[in-house]
Amino acid sequence: VVQKVQVAVIITDATGRIEWINDNFTRMTGYEAHEAIGQTPGLLLQGVDTEQDTVRRIRESLSRGEAFSEEMLNYRKDGSPFWMSMNVSPIRDENGKLVQWISINEDITERRREQASIERAKTAAESANKAKDEFLANMSHEIRTPLTAILGYAEILDAESGIPGPMRRDALQSIRKNGQHLVNIINEILDLSKIEAGRLEVEKVRFSPRDLLTEIVTVMRGQALTKRLPLELDFVGNMPQTIETDPLRLRQILMNLISNAIKF
C-alpha cells in the first residue's frame, strides 16, 4: 500500500535514520533508495533557508516520541527548493517501545505559492485602502478651507448688505446653501471610508423637516432648471414641527430621489 499511494513515504528506525522510502519520495526529491537509506531526512533535505524554529519543534517532538505535523522548506537533490508537508507518527512494538517512525509527505509548493500571492494581494489592497483614506482626509481638508471662506463671506454680505433687491438676497442665500451642501458632500465621502472601516455612526437629532425640505428644493432647483423642469415644494396635510432621525442620511435619500427624478 505505501508503495502505491500518491504521497512520499519515509520509514526510519527509532533514531530517525531512513530504512525505507517509496518511489514517490524519489520522484519528489530526486534521491534514490541507496542514497537515502542510512541518512536522516533532515540531513538529506534541509538547506540554508529551512526555518530553524520548525527544525527545533521537530526535534522536540521526536525526543518525546510524539506524532507531529509540520510544513517546511526543503531541497531536492538538484538543489531546487520545495515546500513539504509532513505527518509523522511513531511505530511501537507490543510492549510500547518505539521501534520506528513513518512519515507521510506531500509537495505543497504550489499551494504555498498561491497563499503567498493571496497575501501579497491582500497587503496591496490594504495599502490602497490606507492611501485612499489618507487621500480623502487630505482632500477634505483642502476643500473645506476655501468653502469655509466662501460661506463666511456670504454670511458677511448677507448680514451687511444694504442694497435692496430680492435677487441679491436670493443669490447670497443660494451661495450659503450650496456651500453647505458641498460641505455635506465632503462629510458623505468621509463617511464612505468610515463604512468600510466599520466606524460609521448614525446620529439621532431633532430638527425641522420643513426646513430640511425647503433647503433641499432650493439646492436642487438649479439642476431642475437646466432641464427646463419646475421644482416646487408644497406641504399637504399636517407636517410635524420636528422629527428625530439623522438629518444627513435623510438629506442624502431625498436628494438622490429628486436628482434621479430630474435625470430620468
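1. Let's start with Thr12, which counts as buried because its relative accessibility is 6%; buried means under 20% relative accessible area, exposed means over 50%, and partly exposed is in between (1.4 Å probe, protein chains only). Thr12 sits in strand 1. Helices (H or I, at least four residues) and strands (E, at least two) are DSSP runs, numbered from the N terminus. Leaving out residues up to four places away in sequence, Thr12 touches Arg17, Ile18, Glu19, Pro41, Val99, Gln100 and Trp101, where contact means heavy atoms within 4.5 Å.

2. A word on what you are looking at: this is a predicted model, in which local features need pLDDT of at least 70 and side-chain atom pairs count only at pLDDT 80 or more, while totals for chains, interfaces and linings use all residues. Residues are numbered from 1 along each chain as its sequence is written, and side-chain values use heavy atoms, with hydrogens and water left out.

3. Asp13 also belongs to strand 1. Not counting residues up to four places away in sequence, Asp13 touches Glu19, Val99, Gln100 and Trp101. Now try Ile91: Asp13 and Ile91 are 78 residues apart in sequence, yet 9.3 Å apart in space, C-alpha to C-alpha.

4. Now for the chain as a whole. The protein chain has eight helices and seven strands, and 30% of its 264 residues are buried. Take the contacts between residues at least 6 apart in sequence: 52% of them join residues at least 24 apart. The accessible surface is about 17,300 Å², with 55% of it belonging to carbon and sulfur atoms; such areas come from the Shrake-Rupley method with a 1.4 Å probe, and for residues only the protein chains shown count as cover.

5. Which residues have the most contacts inside the largest nonpolar core? They are Phe25, Leu44 and Met86, in a core of 20 residues. A nonpolar core is a set of buried Ala, Val, Leu, Ile, Met, Phe, Trp, Tyr and Cys residues joined through side-chain atoms within 4.5 Å. Strand 4 gives the largest share of this core, four residues. Apart from this core lies another, of 10 residues, including Ile216 and Met255.

6. Beyond its neighbours up to four places away in sequence, Met86 touches Ile58, Phe68, Ser69, Glu70, Met72, Asn74, Ser103, Ile104 and Asn105.

7. The largest pocket has a volume of about 460 Å³. On a 1 Å grid over the protein atoms alone, a pocket is an open set of points where a 1.4 Å probe fits, with protein on both sides within 12 Å along at least five of seven lines, and lining residues have an atom within 4 Å of a point. Grid points are joined across faces, edges and corners, and the volume is the space filled by probe spheres set on the points. Of the 25 lining residues, Gly16, Pro41, Gly42, Ile58 and Leu62 lie nearest the centre.

8. Glu35 is in helix 2 (residues 33–36) and counts as partly exposed because its relative accessibility is 22%. Leaving aside neighbours within four places in sequence, Glu35 is in contact with Gly30, Leu44 and Lys77. Arg228 lies in the loop between helix 7 (209–226) and strand 7 (243–245), and is exposed, with a relative accessible area of 79%. Arg228 has a positive phi of about 60°, although it is not a glycine.
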